[in-house]
Amino acid sequence: MLSQISEVMHHAVNREGKDPVETQFGYGVRKQGGALDLYGSTNNQDTQKVLREKLKDPVTLLKLAAKDRSNPQRQKVALKLLFFQEQQQKRLARIAGQPNEQALREQILRAGQIHSAFMRGDVNVVVNKHPRHAEQNIAEAMHKKGIYRLGEMAGTKIRCEACSSELGYNLLTRKGDYLVGRGYGGQADPKRHK
């Protein structure tokens with residue numbers, strides 16, 4: 001869900017003549033009460049301002065992307081987001097009786113919470129004071145609050161080595177090896193590199 005939202009919003013910002021290196025979204029589930037907060041960011045202030053503006057009307061953005069045949073993958077993602085609720089009941093029915101049904105149900109319902117927050121435009125856009133990676137913007141904002149029991153981030157790029165060092169790895173091969181994206185100049189603490 002986070003990657004799909006990121007892809008559509010990256011395109012929306014790009015259409016405005018801005019070119020973010022990446023667009024990332026993340027969520028935190030609160031320790032108290034279990035509410036979900038959704039965050040979004042890009043890598044610079046210029047594109048963060050456009051992202052905030054575009055998030056005021058996500059439905060219109062999705063409809064534009066769904067009609068745009070120049071990129072079939074983006075069109076498919078937009079349609080998935082527009083018709084998400086129709087698929088939600090099918091997903092829940094499909095997991096009935098599975099040994100891990102409860103865990104799957106929680107993940108499906110969390111995706112629904114993320115989708116609802118996005119469709120309402122209820123996204124905390126994190127603006128950085130200096131250019132840096134979008135994941136680091138989001139992580140700093142979420143950790144500063146210290147109120148989340150779990151969370152995750154995803155977006156238009158695989159987490160780079162610096163972000164993986166600072167924030168933790170989020171992709172593994174089937175053998176259990178860590179996967180990271182390209183190496184970019186980052187702001188990870190040297191002690192955290194493994």
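The model is predicted. The chain has eight helices and four strands, and 41% of its 194 residues are buried. Among contacts with a separation of 6 or more, 63% join residues 24 or more positions apart.

**Order of elements**

- Read from the N terminus, the elements run α-β-β-α-α-α-α-α-β-α-β-α.
- Among the helices are α1 (2–15), α2 (45–54), α3 (58–67), α4 (72–82) and α6 (101–120), along with α5 (84–94).
- The strands include β1 (23–30), β2 (36–42) and β3 (123–125), as well as β4, which spans residues 148–155.

**Strand pairing**

- β1 and β2 are antiparallel and are paired over seven bridges.
- These two strands form a hairpin with five residues between them. In the turn, Gly-33 has a positive phi of about 90°.
- β2 pairs with β3 in the parallel sense, over three bridges. Leu-38 stands opposite Val-123 of β3.

**Burial of the strands**

- Seven of the eight residues of β1 are buried.
- In β2, seven of seven residues are buried.
- In a regular strand, side chains alternate between the two faces of the sheet.
- In β2, Leu-36, Leu-38, Gly-40 and Thr-42 point one way, while Asp-37, Tyr-39 and Ser-41 point the other way. All of these residues are buried, on both sides of the strand.
- Met-153 is a residue of β4. Its relative accessibility is 9%, under the 20% limit, so Met-153 counts as buried.
- The C-alpha atom of Met-153 is 8.1 Å from that of Ile-138, and the two residues are 15 apart along the chain.

**Nonpolar cores**

- In soluble globular proteins, nonpolar side chains tend to be buried together.
- The largest nonpolar core has 27 residues. The members that touch the most others are Met-9, Phe-25, Leu-38 and Leu-55.
- Two or more residues of this core come from each of α1, β1, β2, α2, α3, α4, α6 and β3. The largest share, six residues, comes from α1.
- Apart from this core lies another, of eight residues, including Tyr-39, Ile-138, Ala-139 and Ala-141.
- Beyond its neighbours within four places in sequence, Leu-55 is in contact with Met-9, Phe-25, Phe-118, Gly-121, Val-123 and Val-125.

**Aromatic pair**

- The structure holds one aromatic pair. The ring centres of Tyr-39 and Tyr-148 are 6.3 Å apart and the ring planes stand at 90°, so the arrangement is edge-to-face.
- Tyr-39 belongs to β2 and Tyr-148 to β4; the pair links parts of the chain 109 residues apart.
- Tyr-39 has a relative accessible area of 2%, and it is therefore buried by the limit of under 20%.
- Tyr-148, at 12% relative accessible area, is buried as well.

**The loop between β1 and β2**

- Gly-34 is placed in the loop between β1 and β2.
- With a relative accessibility of 25%, Gly-34 lies between the 20% and 50% limits and so counts as partly exposed.
- Residues up to four places away in sequence aside, Gly-34 touches Val-29 and Gln-113.
- The C-alpha atoms of Gly-34 and Arg-149 are separated by 8.4 Å, although the residues are 115 apart along the chain.

**Largest pocket**

- Rolling a probe the size of a water molecule over the atoms shows where empty space is left.
- The largest pocket has a volume of about 320 Å³.
- Its lining consists of 13 residues, and those nearest the pocket centre are Met-1, Gln-107, Ile-108, Arg-110 and Ala-111.
- The elements giving two or more residues to the lining of the largest pocket are α1, α5 and α6. The largest share, five residues, comes from α6.

How values were computed:
Residues are numbered from 1 along each chain as its sequence is written. This is a predicted model: local features need pLDDT of at least 70, side-chain atom pairs count only at pLDDT 80 or more; totals for chains, interfaces and linings use all residues. Side-chain values use heavy atoms; hydrogens and water are left out. A nonpolar core is a set of buried Ala, Val, Leu, Ile, Met, Phe, Trp, Tyr and Cys residues joined through side-chain atoms within 4.5 Å. Buried means under 20% relative accessible area, exposed over 50%, partly exposed in between (1.4 Å probe, protein chains only). Contact means heavy atoms within 4.5 Å. Two strands pair if DSSP finds at least two bridges between them. Rings of Phe, Tyr and Trp (its six-membered ring) pair if their centres lie within 6.5 Å; planes under 30 degrees apart count as stacked, over 60 as edge-to-face and the rest as tilted. On a 1 Å grid over the protein atoms alone, a cavity is a set of points where a 1.4 Å probe fits but cannot get out, and a pocket is an open set with protein on both sides within 12 Å along at least five of seven lines; lining residues have an atom within 4 Å of a point. Grid points are joined across faces, edges and corners, and a volume is the space filled by probe spheres set on the points.
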